[in-house]
Amino acid sequence: MKEICNIIPKGRFAPSPTGRMHMGNVFTALLSWLSVRSRGGKWVLRIEDLDPQRSKVEHSRRIEDDLHWLELEWDEGGLDNSGDAGPYCQSGRHGIYERFLSRLKETGLVYGCTCTRADIMATQAPHQSDGRVIYGGRCRPGCLPASYIEPHKPHSERLYVPDRMMTFDDVVYGRQSVNLASHCGDFVLRRADGAWAYQLAVVVDDAMMGITEVVRGNDLLLSTGQQLYLYDLLGFSAPRFAHVPLVCNKAGQRLSKRDAGMGMDEMRLKYSSEDIIGRLACMAGLIDEPQPVTPSALLDIFDWEKVRKEDVCVI
């Protein structure tokens with residue numbers, strides 16, 4: 001992994017506009033904003049609308065409105081594409097992804113895969129219950145008899161991964177090691193329906209937008225190995241990663257957009273923006289008690305050493 005030499009830190013918040021933000025989304029946005037702002041850096045708002053069926057412009061507008069209301073202002077991006085690295089909506093970046101997929105194909109590591117999710121799940125061991133789906137390599141070149149290969153059948157573009165350890169230092173969780181073959185498996189770059197996969201899009205976007213720091217939930221720790229592999233193959237410098245605790249509901253379940261009571265529409269009816277920021281700051285470990293505070297007021301006390309490692313419940 002190459003060293004980052006950028007003078008000005010640059011972070012990003014990259015929500016998917018598939019519904020209203022919830023407290024978990026805002027928790028991540030706040031920590032990302034504080035991290036770069038406390039060091040005089042810039043913050044980018046990127047709209048990750050790769051899913052055309054679920055992504056809506058009205059959801060993007062509500063996300064922007066919520067961030068303004070919370071006083072989490074950005075320097076680049078958003079729907080108006082302010083900045084030099086746009087477009088900042090992934091739906092407008094198809095040509096960029098195509099270019100970098102072609103570069104990866106030149107390595108000889110990309111192959112067509114006709115396997116469905118059902119095909120892959122049928123090969124999974126019964127004990128794999130953590131949600132990970134590790135591809136077994138059925139469509140790898142040389143694994144199938146020639147009679148089974150259907151070149152005109154719709155297929156995804158999949159990237160071969162070696163039996164290789166990817167090691168990185170996470171800002172919150174310290175030294176991490178991920179084995180590409182056993183923890184990740186060959187992964188998809190473009191789906192059979194033509195939609196771009198998250199792993200390729202996020203690496204290309206972060207590199208092209210000059211992102212030096214990625215703050216996101218700890219459920220994405222494993223995917224960091226895949227992304228570091230892509231950074232290496234494409235010759236990009238990797239950002240530093242800070243994985244943060246997940247925010248859970250009172251039942252201890254990770255928040256989702258189905259938790260209506262934790263959505264920003266409901267929260268804005270119950271609390272002021274300063275109340276919400278204060279609650280999140282307390283949950284993170286930045287302040288001892290939940291009290292009204294603005295994001296700017298937290299800049300002088302922000303320190304990654306204070307941030308909790310265990311998942312947190314909404315207070």
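A: Let's start with Cys 184, which is buried at a relative accessible area of 7% (buried means under 20%, exposed over 50%, and partly exposed in between, using a 1.4 Å probe and protein chains only). Before going on, a word on the source: this is a predicted model, where local features need pLDDT of at least 70 and side-chain atom pairs count only at pLDDT 80 or more, while totals for chains, interfaces and linings use all residues. Residues are numbered from 1 along each chain as its sequence is written, and side-chain values use heavy atoms, with hydrogens and water left out.

Back to Cys 184: its sulfur is 16 Å from the closest cysteine sulfur, that of Cys 113, which is too far for a bond. Cys 89 is another buried cysteine, with a relative accessible area of 12%.

Now for Met 166. This residue is found in strand β6 (helices are DSSP runs of H or I with at least four residues, strands are runs of E with at least two, and both are numbered from the N terminus). Met 166 counts as buried at 5% relative accessibility. Leaving out residues up to four places away in sequence, Met 166 touches Gln 176, Ser 177, Val 178, Leu 180, Gly 225, Leu 228, Tyr 229 and Asp 232 (contact means heavy atoms within 4.5 Å). Leu 222 is 56 residues from Met 166 in sequence, and their C-alpha atoms are 10 Å apart in space.

A search of the whole structure turns up five aromatic pairs (ring centres of Phe, Tyr and Trp, the last by its six-membered ring, within 6.5 Å; planes under 30 degrees apart count as stacked, over 60 as edge-to-face and the rest as tilted). One of these is Phe 168 with Phe 241, edge-to-face at 6.2 Å centre to centre and 65° between the planes. That pair links distant parts of the chain, with Phe 168 in strand β6 (165-170) and Phe 241 in strand β10, 73 residues apart.

Leu 31 is, with Phe 27, Trp 43, Leu 67 and Trp 304, one of the residues with the most contacts inside the largest nonpolar core, which has 44 residues (a core is a set of buried Ala, Val, Leu, Ile, Met, Phe, Trp, Tyr and Cys residues joined through side-chain atoms within 4.5 Å). Elements supplying at least two residues each include α1 (23-37), β2 (42-45) and β10 (240-244). The largest share, nine residues, comes from α1. Apart from this core lies another one of 37 residues, including Leu 104, Leu 180, Val 204 and Phe 236.

Technical notes:
Disulfide = S-S within 2.5 Å.
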